[in-house]
Amino acid sequence: MKRILFFLLALSAIMLITACSKNDDFDPDNQNSDEIQYDGNRKILVSYFSATGNTGRLAEQIIAATGADAFRIEAAEPYAANPYDDSDWIQNESYNNLRPGVAALLDNMEKYDVIFIGSPIWWHNPAMVVCTFLESYNLSGKIIVPFFTYGATTYLQQSLDKIYEVTPESLHLDTYSGSGSVEDWLRGIHIIE
Ligand SMILES: Cc1cc2nc3c(=O)[nH]c(=O)nc-3n(C[C@H](O)[C@H](O)[C@H](O)COP(=O)(O)O)c2cc1C
């Protein structure tokens, strides 16, 4: 009995260590960090998808600090008010790299120089509707700034990589790491002075 208990304890410890080390996947130095200088003439858009409000709240902070225009991305076929009720559907979209339709697109994307793109992490990726949105435009040469909210940073790097994948011709600035103020981050990437 003691042996079985010891075995189970050891197994739990190994599983815990594995889970913790997976959380270290995100390495800020592994981002596509293009360098820009501050330029007050840039036109900035904060586009985001948010199901339960967390990403929307982060978007509001960015808008307040930058004076950017806002665009809320919505899915053509809305998710349940509690998106966990649609977990299987969302998992299928993520795991199969699907492109759900967007309810509406922005007409005048060409006028923006900087495009913040925000999303919850949903099943290890950005909400796939965000990819549909980005792929609807020619974003060549635009400055893309991804930001996410999530339960754990486990899939932050994978989510960033997905944004890079769907905006291959764009410049990319560092994402918000979740520590420090939003203003400090924006100053650090030379979006505000
Ligand atoms: C279906 C579903 C899948 C999720 N998958 C992940 C995930 O893979 N990794 C993670 O860290 N958080 C995950 N979360 C948590 C959300 O990313 C987190 O709650 C986020 O802040 C929600 O943003 P929102 O309030 O803007 O919708 C998931 C949430 C839902 C509903």
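**Helix H5 and its partners**

Which elements do the buried residues of H5 pack against? I looked this up in what is a predicted model, and found E3, strand E4 (125–126), helix H4 (128–135) and strand E5 (143–149). H5 itself covers residues 156–166, and its buried residues are Leu156, Ser159, Leu160, Lys162, Ile163 and Val166. Looking down the axis of H5, I found these residues within an arc of 155 degrees, so they line one face of the helix.

**Overall layout**

Next I stepped back to the whole chain. I counted six helices and six strands, and from the N terminus they run α-β-α-β-α-β-β-α-β-α-β-α. The protein has 193 residues, of which 34% count as buried.

**Confidence**

Before going further I checked the pLDDT. Its mean over the protein is 90, and 88% of the residues reach 70 or more. The stretch to treat separately is residues 11–24, where the pLDDT is below 50. Beyond near neighbours in sequence, that stretch has four contacts in the model.

**Helix H4**

I then turned to H4, one of the partners of H5. How many of the eight residues of H4 are buried? Seven are, so H4 is largely enclosed by the rest of the structure. I listed them as Met128, Val129, Val130, Cys131, Thr132, Phe133 and Leu134. They pack against E1, H3, E3, E4 and H5.

In soluble globular proteins, nonpolar side chains tend to be buried together. Here the largest nonpolar core has 43 residues, and Ile115, Phe116, Val130 and Val145 have the most contacts inside it. E1, H2, E3, H4, E5, H5 and helix H6 (182–188) are the elements that give two or more residues to this core. I followed up phenylalanine 116: beyond its neighbours within four places in sequence, its contacts are Leu45, Val46, Ser47, Ile62, Ala68, Val145 and Phe147.

**The ligand shell**

Which residues come nearest to the ligand? I found Thr52, Asn54, Thr55, Pro120 and Tyr150, out of 22 residues around the ligand. Helix H2 (54–66), helix H3 (87–95) and strand E3 (114–122) each supply at least two residues of the shell. I sorted the shell by type and got 11 nonpolar, 11 polar and no charged residues.

Phenylalanine 26 sits in the loop between helix H1 (2–22) and strand E1 (44–48). Is phenylalanine 26 buried or exposed? It is buried, because 21 other C-beta atoms lie within 10 Å, and the cut-off for burial is 20 or more. Leaving out neighbours within four places in sequence, I noted its contacts with Thr153, Leu156 and Gln157. Phenylalanine 26 and glutamine 158 are 132 residues apart in sequence, yet their C-alpha atoms are 8.4 Å apart.

Tyrosine 84 is in the loop between strand E2 (69–72) and H3. It is exposed, with 10 other C-beta atoms within 10 Å. From its C-alpha to that of tryptophan 122, 38 residues apart along the chain, I read 9.9 Å.

Serine 136 belongs to the loop between H4 and E5. With 13 C-beta neighbours inside 10 Å, it counts as partly exposed. Its C-alpha is 9.7 Å from that of valine 102, a residue 34 places apart from serine 136 in sequence.

**Backbone angles**

Most residues other than glycine have a negative phi, so I looked for exceptions. Asparagine 97 is one, with a phi near 55 degrees. It lies in the loop between H3 and E3 and counts as exposed, with 12 C-beta neighbours inside 10 Å.

Histidine 190 also has a positive phi, about 65 degrees. It lies in the segment after H6 and, with 14 C-beta neighbours inside 10 Å, counts as partly exposed.

Definitions and conventions. Residues are numbered from 1 along each chain as its sequence is written. This is a predicted model: local features need pLDDT of at least 70, side-chain atom pairs count only at pLDDT 80 or more; totals for chains, interfaces and linings use all residues. A residue is near a molecule or strand if its C-beta atom, placed from the backbone, lies within 6 Å of it. Helices (H or I, at least four residues) and strands (E, at least two) are DSSP runs, numbered from the N terminus. Ala, Val, Leu, Ile, Met, Phe, Trp, Tyr, Cys and Pro count as nonpolar, Asp, Glu, Lys and Arg as charged, and the others, Gly among them, as polar. The arc is that of the directions from the helix axis to the C-beta atoms. Two residues are in contact if their C-beta atoms, placed from the backbone, lie within 7 Å. pLDDT is the predictor's confidence in each residue, from 0 to 100. A nonpolar core is a set of buried Ala, Val, Leu, Ile, Met, Phe, Trp, Tyr and Cys residues joined through C-beta atoms within 7 Å.
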